[in-house]
Amino acid sequence: MDQQLIITAVLGLVGFGALAFVVLAPTNRDKAKKRVSSLETTKNAKRAGAARESESTTKDRRKKVQDALNKVEEKTKEIKKKKKVTLEQKLEQAGLSFGPREFYIGSVVCALTLGFIGVISGQKLPISLGLLFIGGFGLPNWFVGFAIKRRRKKFVDEFSNAIDVIVRGVKSGLPVNECLKIIAAEAPKPVSEEFHQLVEGFRIGLTLEQGMTRMYERMPLQEVSFFGIVLMIQQKTGGNLAEALNNLAGVLRGRKLMEGKIKALSAEAKASAMIIGALPFLVMGAVKVASPDYLTPLFTTPQGNFILIGAGVWMATGIFVMKQMMQIKV
């Protein structure tokens with residue numbers, strides 16, 4: 001009897017437990033569903049908050065980038081508005097070691113030399129005065145302009161390599177200032193000279209914006225403007241500086257490659273222009289050899305001198321127009 005009672009009690013408990021499980025299971029399932037739904041709602045809220053925060057961060061960064069670009073554009077426009085460049089700035093852009101005083105002395109010496117050559121060679125007074133003017137104003141200014149163009153070309157040729165040095169230095173963990181010092185010490189001229197002045201400006205307390213503005217004044221090139229924009233945007237908004245500078249170096253190399261293609265494609269037009277420009281002198285020389293007295297009235301009579309001056313003006317105008325047509329800005 002005792003065993004039967006025990007078995008009956010156990011079976012009753014098991015049955016009661018099963019009945020309780022069946023009755024209470026939906027409630028537990030509902031609670032589980034509510035917990036899952038509440039967790040999903042929390043996750044969705046967090047995701048929405050993170051999305052809103054990311055969107056606001058992106059907007060702030062875009063605003064900072066736009067502000068930096070506007071500031072750089074304003075500075076560039078201010079520099080370009082100063083169309084009249086002083087002689088001291090020209091000499092600095094040309095990389096010449098002498099100042100305006102030495103330039104004026106050299107111009108006077110050159111003018112007197114050419115004028116003296118015109119006098120001792122028996123030229124007429126207008127021709128001697130023309131030589132004096134060319135020696136005083138033409139040749140010195142042409143020399144400075146030629147030196148500026150040559151220095152800018154050397155700078156552009158080596159500038160992309162200098163940016164690669166910064167990219168490798170930043171990737172290896174060096175700060176940007178140390179990379180700039182490496183370029184100032186080891187890069188070829190004139191890149192090393194410009195970066196040396198940039199580093200010296202930072203050392204005396206100039207900001208990045210002021211340093212890049214002065215660098216652009218010394219070397220007014222689009223490449224320098226692009227470099228300053230990248231540095232200033234990275235300083236204000238952050239980001240991967242190495243990747244940005246690497247992209248800039250690729251763009252500069254692409255511009256250089258395009259410029260080389262343009263020179264190759266315009267070589268035929270330049271050769272034609274040179275031949276057309278040399279034809280009058282060649283014909284004049286051939287006529288002078290065949291008939292020495294035939295062209296004498298052009299040099300001895302006022303009418304002939306007027307014809308020569310008009311022909312020279314028209315020829316110079318044609319050469320200038322052809323040169324402008326062959327120049328394609330990249």
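This is a predicted model: local features need pLDDT of at least 70, side-chain atom pairs count only at pLDDT 80 or more; totals for chains, interfaces and linings use all residues.
Modeller: Residues are numbered from 1 along each chain as its sequence is written, and side-chain values use heavy atoms, with hydrogens and water left out.

Biologist: At what angle do the axes of helix H8 and helix H9 cross?

Modeller: Helices are DSSP runs (H or I, at least four residues) numbered from the N terminus. Axes are lines fitted to C-alpha atoms over the stretch in contact, and angles run from 0 to 180 degrees between N-to-C directions. Here H8 (residues 222-237) and H9 (residues 241-265) cross at roughly 165°, their axes coming within 10 Å. H8 and H9 are therefore roughly antiparallel to each other, a term for angles over 145 degrees.

Biologist: Is the crossing of H8 and H9 left-handed or right-handed?

Modeller: A crossing is right-handed if the near helix is turned clockwise from the far one by less than a right angle, and left-handed if anticlockwise. That of H8 and H9 is right-handed. Contact means heavy atoms within 4.5 Å; among the residues that make it are Phe226, Phe227 and Val230 of H8 and Leu245, Leu248 and Leu252 of H9.

Biologist: How do the residues of this contact of H8 with H9 divide?

Modeller: Ala, Val, Leu, Ile, Met, Phe, Trp, Tyr, Cys and Pro count as nonpolar, Asp, Glu, Lys and Arg as charged, and the others, Gly among them, as polar. The contact of H8 with H9 has 9 nonpolar, 2 polar and 2 charged residues.

Biologist: Which residues are closest to the centre of the second largest pocket?

Modeller: A pocket is an open set of points on a 1 Å grid over the protein atoms alone, where a 1.4 Å probe fits, with protein on both sides within 12 Å along at least five of seven lines; lining residues have an atom within 4 Å of a point. Leu298, Phe299, Asn305, Leu308 and Ile309 are the closest to the centre, out of 18 lining residues. Helix H12 gives the most to this lining, with 9 residues. By class, the lining comprises 15 nonpolar, 2 polar and 1 charged.

Biologist: Where is proline 190 placed?

Modeller: Proline 190 lies in the loop between helix H5 (176-186) and helix H6 (191-203). Lysine 189 and proline 190 are joined by a cis peptide bond, with omega about 0°.

Note on methods: Helices (H or I, at least four residues) and strands (E, at least two) are DSSP runs, numbered from the N terminus. Angles under 35 degrees count as roughly parallel, over 145 as roughly antiparallel, 65 to 115 as roughly perpendicular and the rest as oblique.
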